[in-house]
Amino acid sequence: MKHPDMYRGEEVVVLGLAKSGVQVAKVLHERGAIVTVNDKKEREQCPEASELESLGISVICGGHPAGLIHEGVTLVVKNPGIPYSVPPVQDALNLGIEVVTEVEVAYRLCVAPMIGITGSNGKTTTTTWVGRMLDAVGMKPIVAGNIGTPLCQAAQEASEDNWMVVELSSFQLKGTETFRPKVACLLNVAETHLDYHGDMQDYVASKAKLFANQTAADTAVLNWDDPFCRELVPYVKANILPFSMTEELVQGVFVRPSFVPDTDDDLKREIIYRDYAEGETVIAAVDSIGLPGRFNIENALAACGVAIAAGADPALLAESLSSFRGVEHRLEYVADKGGAAYFNNSKATNSKATTMALTSFRQPVVLIAGGLDRGSDYMELLPVLRGHVKALVAMGQTKDKLIKVATLAGLKHIISVDTGESAAAVLQQAVQEASALAEAGDIVLLSPACASWDMFTSYEERGRIFKEAVHNL
């Protein structure tokens, strides 16, 4: 068991009463720590408080009281979304108290080897896919964190023959110190979350903490086509297993065209794993992958690389590649209405994710987009709007910016929705407007290019309301 008496008798402050905060408070309390949980929301907005208090955990709601952080506190565990600028975090840093996220605590308690997967886009799909692959070959994965069981709970329950497969955000990784995944994967890096990180340097540095404590006994799976990933190579001490859509690698996972005579499609692409010692394995044909879009080929390559690094036989991965149909809110097929196909891509919270979704379709697209304004001008979308979009329905704080880009792209149909009513009513109106513009053979795509927090509690809520509105057409 890893450090069975860790935190016993220590005074710990947990900041934030979200799901991860509640779970880490419970786990630390069970380990004998003296836990105080603090949330700036008022008591009536903290339904979890009573349960924690019934266990003997102190809960303080309604602000950050003076004296919350003092010299007797040995650890502060903060919700990943809480900025480092808030007073209790600053107080802790000024006193030299360690400030971490739940990921760090879970790692210290977990006896199972960990797989950490991060990137600006594709994390959820790739993490879920890796879980499916490892399960198919009998490696007992536990998919935990943002998309499964709370990480601290899973860490408590895992045994040494499990594999912990964890999706990780830059917010979570920034708050790690000793975290060392056996396999670490960086999918890509795009400009996002700069309202939190301040600049790209801090954002990339937070992502890079995934590799900080790895050694030559570990594996780093890197996107060889992404310049930010390549720039990290000199600083990575782990064995590097690259994946590439564009380059035939000396070692790694890549897509190779192969000539197939006497067929309508002479250029048939295959996913290859090449190993110095073992030679080549053809994993699967690209056209057998169960998810649409170029970016999902990249996700497939990454998932194969991670599974192989964990010990899976590359020859046994083909079925998992073909049978996997994706995750909710990520290019999720919803329904056909009037001959148009509706897709929910609510998890697209930046321009790159929306670009990748749009390029997955050859049909004309009626795009529903807009949300929280984080300062982007969305000019990155200009070429893809010109090439793939027949109409835009814009909503949220960024609607005027998106309308400006769509106008520059020459779109003939541009509609702004803002009923002044509830967020649900705005999105329902957006679906109705998109439906009126869509013709048989078109795609209606919710792919906001923005976070959801201007109107919704989460991208999941936004996606669920969209699906309900589609089914009610």
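**Cysteines, sheet and backbone**

Mentor: The sulfur of Cys304 lies 11 Å from the closest cysteine sulfur, which belongs to Cys185, and this is too far for a bond; a disulfide here is a pair of cysteine sulfur atoms within 2.5 Å. This is a predicted model, in which local features need pLDDT of at least 70 and side-chain atom pairs count only at pLDDT 80 or more, while totals for chains, interfaces and linings use all residues. Residues are numbered from 1 along each chain as its sequence is written, and side-chain values use heavy atoms, with hydrogens and water left out.

Trainee: How many disulfides does a search of the whole structure find, and what is the nearest cysteine sulfur to Cys152?

Mentor: A disulfide is a covalent bond between the sulfur atoms of two cysteines. The search of the whole structure finds zero. Cys152 is in no disulfide, the nearest cysteine sulfur being that of Cys110, 9.8 Å away. Cys152 is buried, with a relative accessible area of 0%, where buried means under 20% relative accessible area, exposed over 50%, and partly exposed in between (1.4 Å probe, protein chains only). Cys304 is buried, with a relative accessible area of 0%.

Trainee: In what order do the strands of the open sheet of six run?

Mentor: Strands of a sheet pair through backbone hydrogen bonds, either parallel or antiparallel. Here the order is S15-S16-S20-S17-S18-S19, with mixed pairing; strands (E, at least two residues) and helices (H or I, at least four) are DSSP runs numbered from the N terminus, and two strands pair if DSSP finds at least two bridges between them. Strand S15 (332-337) and strand S19 (413-416) stand at the edges with a single partner strand each, so one side of each has no neighbour in the sheet. From one strand to the next, the twist averages 20 degrees, with axes being lines fitted to C-alpha atoms, for helices over the stretch in contact, and angles running from 0 to 180 degrees between N-to-C directions.

Trainee: Which helix packs on this sheet, and in which sense do S17 and S20 pair?

Mentor: Helix H17 (residues 459-471) packs on the sheet, touching S15, strand S16 (340-344), S17 and S20, and its direction makes about 20 degrees with that of S15. Strand S17 (residues 365-369) pairs with strand S20 (residues 443-446) in the parallel sense over four bridges, and the bridge partner of Val365 in S20 is Ile443.

Trainee: Is Thr36 buried or exposed, and with which residues is it in contact?

Mentor: Thr36, placed in strand S2 (residues 34-39), counts as buried at 14% relative accessibility. Leaving aside neighbours within four places in sequence, Thr36 is in contact (heavy atoms within 4.5 Å) with Val12, Val13, Val14, Ser58, Ile60 and Leu68.
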